[in-house]
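Hi everyone, thanks for coming. I'd like to walk you through a structure that may be new to you, so please have a look at it first.

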Amino acid sequence: MYPVSRHSQRLGLRELATDDVDAVLAIYGSREATEHLSFEPRSREDVGQIVARSMASAIASPRSEYALAVVEHETGDLVGFGRLATDPHQQRAATLGFALHPRTWGAGYGLETVHLLLALGFEDLELHRIWGARSPLNHASARTMHRAGMVEEGRIREHVLKNGKWRDSIVHGILSHEWDAK
Ligand SMILES: CC(C)(COP(=O)(O)OP(=O)(O)OC[C@H]1O[C@@H](n2cnc3c(N)ncnc32)[C@H](O)[C@@H]1OP(=O)(O)O)[C@@H](O)C(=O)NCCC(=O)NCCS
């Protein structure tokens, strides 16, 4: 499916463009925003490559990756990065990821972003299961996924290598019939 265009009350999802590098860098280059993510703050060059790869994967056929800009309607600003990636070894399943600029935290944008990604996955892509993995210390993400109806399913031990240390991940998941019932 290309291009993606999905909207909620205050936010929209759209495809990434070359011009988005600085706005994505403001998130992925931020120590605060990446504290609990699987990687250290990214450089401008890294983010340039991420945006280029995302744009290339958007027009691949079949498409397995939906790396998207989260845009605020009021300002037109890119305020977040959202991602759905279909699972190559499972039927109709995908992992979800999301990160927002710290200046937007605490206003419900995280929940709105997760809802947009779940709507894309279940309503447009007809997935059966969507799951996300977070750091055990990422309580903000736990609250957001819980509020979105994503059930805590368990722990993947030593899942992520960061700063030379392995850390566990906590998995949250939601099924299509749970989404339909919401
Ligand atoms: C995780 C993250 C996306 C949460 O973003 P957020 O916008 O603050 O999250 P939410 O939408 O859940 O809202 C959070 C708070 O806003 C409050 N809020 C304020 N106005 C609101 C509104 N209009 N609607 C809904 N909630 C609102 C909520 O009550 C909630 O409060 P609480 O956390 O104290 O319970 C954000 O912290 C982030 O980008 N972190 C870095 C990247 C990251 O960790 N990503 C997840 C990887 S697994």
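**A short tour**

At 60% relative accessibility, Asn163 counts as exposed, because the cut-off for that word is over 50%. Please keep in mind that this is a predicted model. Asn163 sits in the loop between E7 and strand E8 (165-175). What is the phi of Asn163 near? The value is near 50 degrees, which is positive, in a residue other than glycine. Most residues other than glycine have a negative phi.

Glu158 is not a glycine either, yet has a positive phi of about 45 degrees. You will find Glu158 in strand E7, which covers residues 151-162. Is Glu158 buried or exposed? Glu158 is exposed, with a relative accessible area of 53%.

Let's stay with the backbone a moment longer and turn to peptide bonds. Most peptide bonds are trans. Here, the bond from Tyr2 to Pro3 is cis, and its omega is near -5 degrees. Pro3 belongs to the segment before strand E1 (5-7). The bond from Ser61 to Pro62 is cis as well, with omega near 0 degrees. Where is Pro62 placed? Look in the loop between helix H3 (44-58) and strand E3 (65-72).

Now for the ligand. The space taken by the ligand is the largest pocket. How many residues surround the ligand? There are 21, and the closest are Phe98, Gly110, Leu111, Asn138 and Arg147. By class, this shell has 11 nonpolar, six polar and four charged residues.

Which elements supply at least two residues each to the shell around the ligand? They are strand E5 (93-100), helix H4 (109-124), strand E6 (129-134) and helix H5 (139-147). H5 gives the most, with five residues.

Let me zoom in on some atoms around the ligand. In the side chain of Asn138, an N or O atom is 2.7 Å from an oxygen atom of the ligand. A polar side-chain atom of Arg147 lies 2.8 Å from a ligand oxygen. With Gly108 it is the backbone that takes part: one of its N or O atoms lies 3.2 Å from an oxygen atom of the ligand. What share of the ligand's own accessible area does the protein cover? On its own, the ligand has 960 Å² of accessible area, and the protein covers 72% of that.

My last stop is a histidine, His172, in strand E8. Is His172 buried or exposed? His172 is buried, because its relative accessible area is 2% and the cut-off is under 20%. Which side chain does the side chain of His172 contact? Its partner is the side chain of Arg134, in a polar contact of 2.8 Å.

For contrast, here is Arg83, in strand E4, residues 78-86. Arg83 has 30% relative accessibility, so this residue counts as partly exposed. How far apart are Arg83 and His172 in sequence and in space? They are 89 residues apart in sequence and 15 Å apart in space, going from C-alpha to C-alpha.

Methods
Residues are numbered from 1 along each chain as its sequence is written. This is a predicted model: local features need pLDDT of at least 70, side-chain atom pairs count only at pLDDT 80 or more; totals for chains, interfaces and linings use all residues. Side-chain values use heavy atoms; hydrogens and water are left out. A residue is near a molecule or strand if one of its heavy atoms lies within 4 Å of it. A polar contact is a pair of N or O atoms within 3.5 Å; within protein, one must be able to donate a hydrogen and the other to accept it, and residues adjacent in sequence count only if both atoms are side-chain atoms. Accessible areas come from the Shrake-Rupley method with a 1.4 Å probe; for residues, only the protein chains shown count as cover. On a 1 Å grid over the protein atoms alone, a cavity is a set of points where a 1.4 Å probe fits but cannot get out, and a pocket is an open set with protein on both sides within 12 Å along at least five of seven lines; lining residues have an atom within 4 Å of a point. A molecule sits in a cavity or pocket if more than half of its atoms lie within 2 Å of its grid points. Helices (H or I, at least four residues) and strands (E, at least two) are DSSP runs, numbered from the N terminus. Ala, Val, Leu, Ile, Met, Phe, Trp, Tyr, Cys and Pro count as nonpolar, Asp, Glu, Lys and Arg as charged, and the others, Gly among them, as polar. Buried means under 20% relative accessible area, exposed over 50%, partly exposed in between (1.4 Å probe, protein chains only).
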